[in-house]
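Here is a short report for a reader who is meeting this protein chain for the first time. Please look at the sequence and the structure before reading on.

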Amino acid sequence: MDCLAITKQNDDHSPNSFSESGGILYVFGPLSQTTGCLSHLLLDCLNKKPVRLLYPIKTGFCMRLCYADGAANKVLLWVGVLLTFCGFVLSWMIALLL
């Protein structure tokens, strides 16, 4: 699989990096931090550039499904925008009911 390649990317996507930032952001809610980190990793793995998930191992992982100008990238963008908008509307409606 040509996606398992040697990369020169830093360790921003390693579990150590997320645990360090998780300790800093624990005040804002551990569930939101965990959800954000995992979704970020999942979406980065869809890109064409390999992501080093097991830092310091030099091998990266990617699925090559999303490109900067690709259709999948645009679909994911609009799904994210729609879900964010629905979340704001739902939280606003709940706040009005309480």
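## Arginine 64

Arginine 64 counts as partly exposed, with a relative accessibility of 34%, where buried means under 20% relative accessible area, exposed means over 50%, and partly exposed lies in between (1.4 Å probe, protein chains only). This arginine is found in the loop between α2 and α3, and it has a positive phi of about 55° although it is not a glycine. Most residues other than glycine have a negative phi.

## The model and its confidence

This is a predicted model, in which local features need pLDDT of at least 70 and side-chain atom pairs count only at pLDDT 80 or more, while totals for chains, interfaces and linings use all residues. Residues are numbered from 1 along each chain as its sequence is written, and side-chain values use heavy atoms, with hydrogens and water left out.

The predictor's confidence in each residue is given as pLDDT, from 0 to 100; its mean for the chain is 75, and 66% of the residues reach 70 or more. Confidence is lowest in helix α1 (residues 15-24), at a mean of 56, and highest in α3, at 88. Over residues 1-8 the pLDDT stays under 50, and for this stretch the model has 21 contacts beyond four places in sequence, a contact being heavy atoms within 4.5 Å.

## The chain as a whole

The chain has three helices and zero strands, where helices (H or I, at least four residues) and strands (E, at least two) are DSSP runs, numbered from the N terminus. Of the 98 residues in the chain, 22% are buried. Among contacts with a separation of 6 or more, 46% are between residues 24 or more positions apart.

## Two other residues in the loop

Is arginine 52 buried or exposed? Arginine 52 is buried, with a relative accessible area of 4%, and its place is in the loop between α2 (30-45) and α3 (71-97). A polar atom of the arginine 52 side chain lies 3.4 Å from the backbone oxygen of isoleucine 57.

Leucine 65, which is also found in the loop between α2 and α3, is exposed, with a relative accessible area of 52%.

Conventions:
A polar contact is a pair of N or O atoms within 3.5 Å; within protein, one must be able to donate a hydrogen and the other to accept it, and residues adjacent in sequence count only if both atoms are side-chain atoms.
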